[in-house]
Amino acid sequence: MSEPSRTERTSASAAGAVAPGPESRLPDDHHGALRLWLRLLTCTLMIERRIKARLRERFDTTLPRFDLMAQLERAPDGLKMSELSRRLMVTGGNVTGLVDPLVAQGLVERLAVPGDRRASAVRLTPQGREAFLAMADEHEHWVMAMMAGVGERERGELAVLLARLKQSVTEHGGEQSR
């Protein structure tokens, strides 16, 4: 199956079939892999932008705070700050900047780490768990609604293809010679 031409992509976008994105502006001679990368990026940014806005509007919170609370919800006994940093793929300073307001709001509590006075851990408070579960429930509905136009079978196929892409990126890392 060949890639659609620029004219076909533009016509499809104009007809409302496909939301235009950076990939639709590429000349026809650009590689399909670049077009696919830009489509993936466009979809990711669109979904992320909508989720960020809804979290802000509905819960007066941010996506990074939601992500931190999601990690803590999966670890009821709490997590060391260093482990949160690793899981969220951010610096320790960033984790502290996320935790401090959540502690002030009573959603997260700090814990001492037995045997390590330099380390600290955090966990959700009962209020924090309740708040997170409400956010997570709505988050799930938002994501389901955004993907409503893609059938269950298609989502399964896409998940398989994206797993293959992830494996390819892991194995090759973009270091293929020219």
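## Around Thr 61

In this predicted model, Thr 61 makes contact with Leu 55, Arg 56 and Met 135, once its neighbours within four places in sequence are left aside. Thr 61 sits in the loop between H2 and H3. With a relative accessible area of 9%, Thr 61 counts as buried because the cut-off is under 20%.

Asp 60 belongs to the loop between H2 and H3 as well, but Asp 60 is exposed, at a relative accessible area of 61%. The backbone of Asp 60 deserves a look too: its phi is positive, about 50°, although Asp 60 is not a glycine. As background, most residues other than glycine have a negative phi.

## Another positive phi

Met 89 lies in the loop between H4 and H5, and its relative accessibility of 74% makes Met 89 exposed.

## The chain as a whole

Stepping back, the chain holds seven helices and three strands. Read from the N terminus, the elements follow the order α-α-α-β-α-α-β-β-α-α.

Of the 178 residues in the chain, 25% count as buried. Among contacts with a separation of 6 or more, 45% are between residues 24 or more positions apart.

## The sheet and its hairpin

The three strands make an open sheet, ordered S1-S3-S2, with antiparallel pairing. Its edges are S1 (79-80) and S2 (108-113), each of which pairs on one side only. H5 (residues 92-104) packs on this sheet and touches S2 and S3. The direction of H5 makes about 115° with that of S2.

S2 and S3 (residues 116-124) run antiparallel and are joined by six bridges. Two of the pairs can be picked out by name: Val 113 has Asp 116 as its bridge partner in S3, while Glu 109 is partnered by Arg 123 of S3. Together, S2 and S3 form a hairpin with two residues between them. In the turn, Gly 115 has a positive phi of about 85°.

## The nonpolar core

The largest nonpolar core contains 24 residues, and Leu 68, Leu 72 and Leu 84 have the most contacts inside it. At least two residues of this core come from each of H2 (32-59), H3 (63-73), H4 (81-88), H5, S3 and H6 (126-146). H3 gives the largest share, six residues.

Leu 84 is a handy place to start exploring. Leaving aside neighbours within four places in sequence, Leu 84 touches Leu 68, Gln 71, Leu 72, Leu 79, Val 95 and Val 122.

## Where H3 meets H5

Two packed helices are described by the angle between their axes and the distance between the axes. For H3 and H5, the axes come within 10 Å and cross at roughly 85°. H3 is therefore roughly perpendicular to H5.

Which residues make the contact? From H3 they are Pro 64, Arg 65, Leu 68 and Met 69, and from H5 they are Val 95, Leu 98, Val 99, Pro 101 and Leu 102. By type, the residues of this contact comprise eight nonpolar, no polar and one charged.

Note on methods: Residues are numbered from 1 along each chain as its sequence is written. This is a predicted model: local features need pLDDT of at least 70, side-chain atom pairs count only at pLDDT 80 or more; totals for chains, interfaces and linings use all residues. Side-chain values use heavy atoms; hydrogens and water are left out. Two strands pair if DSSP finds at least two bridges between them. Helices (H or I, at least four residues) and strands (E, at least two) are DSSP runs, numbered from the N terminus. Contact means heavy atoms within 4.5 Å. Axes are lines fitted to C-alpha atoms, for helices over the stretch in contact, and angles run from 0 to 180 degrees between N-to-C directions. A nonpolar core is a set of buried Ala, Val, Leu, Ile, Met, Phe, Trp, Tyr and Cys residues joined through side-chain atoms within 4.5 Å. Buried means under 20% relative accessible area, exposed over 50%, partly exposed in between (1.4 Å probe, protein chains only). Angles under 35 degrees count as roughly parallel, over 145 as roughly antiparallel, 65 to 115 as roughly perpendicular and the rest as oblique. Ala, Val, Leu, Ile, Met, Phe, Trp, Tyr, Cys and Pro count as nonpolar, Asp, Glu, Lys and Arg as charged, and the others, Gly among them, as polar.
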